[in-house]
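Please keep the sequence and the model at hand.

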Amino acid sequence: MTLNLRVAIVGAGPAGIYAGNILNNAVTEQGGEVAIDLYESLPAPYGLIRYGVAPDHPRIKGIVNSLHEMLDAGFIRLIANVEIGRDLSIDELHEHYDAVILATGAIRDAALDIPGIELDGSYGAADFVSWFDGHPDVPRTWPLEAESVAVLGNGNVALDISRILAKHAVDLRSTDVPANVYEGLAASPVTDVHVFGRRGPAEVKFTPIELRELGEVPNVDIVVADEDFAHVDPAQAPNNQVKIMLRTMESWRTRPSTGASRRLHLHFYHQPVEVLGEDGKVAGIRFERTTPLLGEDGVPTGGVVGTGEFRDYDVQAVYRAVGYFGSPLAGAPFDAARGVVSNEAGRVIDEDGSPIHGLYATGWIKRGPVGLIGHTKSDAMETIEHLVADATAGALSAPVVDDPDAVLALLGEREVEYTTWDGWLALDAHERALGEADEFPRERVKVVPRDEQVAHSRSGALAG
């Protein structure tokens, strides 16, 4: 059976783009044809690569090069600055496409239910990351007024936040950091950033490169406590990755202080129990000290238990980096407990557990915000395998509307200022020109306001 499909993918981050590429390859290898429209709520593509990766991580941002090639190949049509659920409904997408794949990711912060978490000066990681990455839908300013800051979490997002808070703004001038972000960081009075983890050094969720980079930040001292390493033996690490990270942290224990103007402290075995306040603002944070659970052989099992010892730290801001969480999409069943679209291996299911024909999910909105960017490839392969199997079995309903451009006409009728791949190329060129002309030349300077992004995209596409 020769497949001829028209498919909509919602979300132009890595998950959505990988899914489109894998789908195109799967169908064309069978001698079929597929037309793919990639919808994005922002005016620019790339999702968390553009708005979720710290600006001083060009290595990770290099993934954009491969994503660019996939979109530039021409078999995926980008339709950006369109919010599904507002500008178009999922039901309307079904009228225009054989199948719809949801790849909207997870952009909210997971909740941390402790007293005082709502105080002024208590922030979520996702909001701060969006600010320093120049997301168009967050405020242009950030209240960087604290001298001492607590960051809760032991994953790479916690490291990114801590590094950006502790780093001197001048050391970000070579990146694509927006001007308003640079100015805000340059005025920050911070002297101490404290990173707290509930478990021990051997149970961190960092990656070795991220951790090593932390110790290479200019004019910032790393401080670790000897007491946190009493049960740590690199030789008993479960894998080489953990062994490397333990050796890195062990080296910091003996590294002499340089007298740097800023310090970054790593604390382990600290369970947050309350954010302390004064006059409605963060004034400190209280932890219960934990201790590792040991097996019969005396080796830590990875779990911890509270000791009943409490410690208070004077801080003026708290950032929780305890994970991301998905958001519901109108028209799609949502598992509110897990923060994902209800699905089985990528097939979206209704409340009875039955597959909804023609509706699929991939990426974090499918499986939750775990794993690295590269994991979205294997994740997309599973979803696409099921989509192609359903299409081959005749389980998909043909679209009611045959004209592939009818959806663009519908957006035009609704006065939605959608942007395209040509528009992104125009905006990309503009940002690169800003970078070249900057006082400190760099790859690009991000345009932040949404209306400016749309204006450059639409005028540039028309000029092209």
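Ser457 is buried at 1% relative accessibility; buried means under 20% relative accessible area, exposed over 50%, and partly exposed in between, with a 1.4 Å probe and protein chains only. Ser457 sits in helix α15 (residues 450-463). Helices (H or I, at least four residues) and strands (E, at least two) are DSSP runs, numbered from the N terminus. A polar atom of the Ser457 side chain lies 2.9 Å from the backbone oxygen of Gln453. Such a polar contact is a pair of N or O atoms within 3.5 Å; within protein, one must be able to donate a hydrogen and the other to accept it, and residues adjacent in sequence count only if both atoms are side-chain atoms. Not counting residues up to four places away in sequence, Ser457 touches Thr419, Gly423, Trp424 and Leu427. Contact means heavy atoms within 4.5 Å.

The model is predicted: local features need pLDDT of at least 70, side-chain atom pairs count only at pLDDT 80 or more, and totals for chains, interfaces and linings use all residues. Residues are numbered from 1 along each chain as its sequence is written, and side-chain values use heavy atoms, with hydrogens and water left out.

**Nonpolar cores and aromatic rings**

A nonpolar core is a set of buried Ala, Val, Leu, Ile, Met, Phe, Trp, Tyr and Cys residues joined through side-chain atoms within 4.5 Å. The largest has 54 residues, and Phe128 and Tyr319 touch the most other members. A second, separate core of 40 residues includes Met70, Leu387, Trp424 and Leu427. Beyond its neighbours within four places in sequence, Phe128 contacts Trp142, Leu144, Ile161, Ile164, Leu165 and Tyr319.

The structure holds 15 aromatic pairs. Rings of Phe, Tyr and Trp (its six-membered ring) pair if their centres lie within 6.5 Å; planes under 30 degrees apart count as stacked, over 60 as edge-to-face and the rest as tilted. Two edge-to-face pairs are set out here.

| Pair | Centre distance | Plane angle |
|---|---|---|
| Phe128 and Phe132 | 5.2 Å | 85 degrees |
| Phe229 and Phe268 | 6.2 Å | 85 degrees |

Phe128 and Phe132 are four residues apart in helix α6 (residues 125-132), so about one helical turn separates them. Phe128 is buried at 0% relative accessibility, and Phe132 is buried at 1%. Tyr123, Phe128, Trp131, Phe132, Trp142 and Tyr319 form one aromatic cluster.

Phe229 and Phe268 are both buried. Phe229 is in the loop between β9 and α10, and Phe268 is in the loop between β10 and β11 (270-278), 39 residues apart.

**Helix α10**

Helix α10 (residues 240-253) has 14 residues and reaches 20 Å from first to last C-alpha, close to the 20 Å expected at 1.5 Å a residue. The expected span is 1.5 Å times one less than the number of residues. Its buried residues are Val242, Met245, Leu246, Thr248, Met249 and Trp252. They are on the same side of α10 because they cover an arc of only 155 degrees around the axis. Asn240 and Arg247 are exposed on the other side. The buried residues of α10 pack against α9 (208-214), β9 (220-224) and β10 (262-267). At the start of α10, a side-chain oxygen of Asn239 comes within 3.1 Å of the backbone nitrogen of Gln241.

**Asp192**

Asp192 is in strand β8 (residues 192-196). Asp192 is buried, with 13% relative accessible area. Its side chain makes a polar contact of 2.8 Å with that of Arg263.

Notes: The arc is that of the directions from the helix axis to the C-beta atoms.
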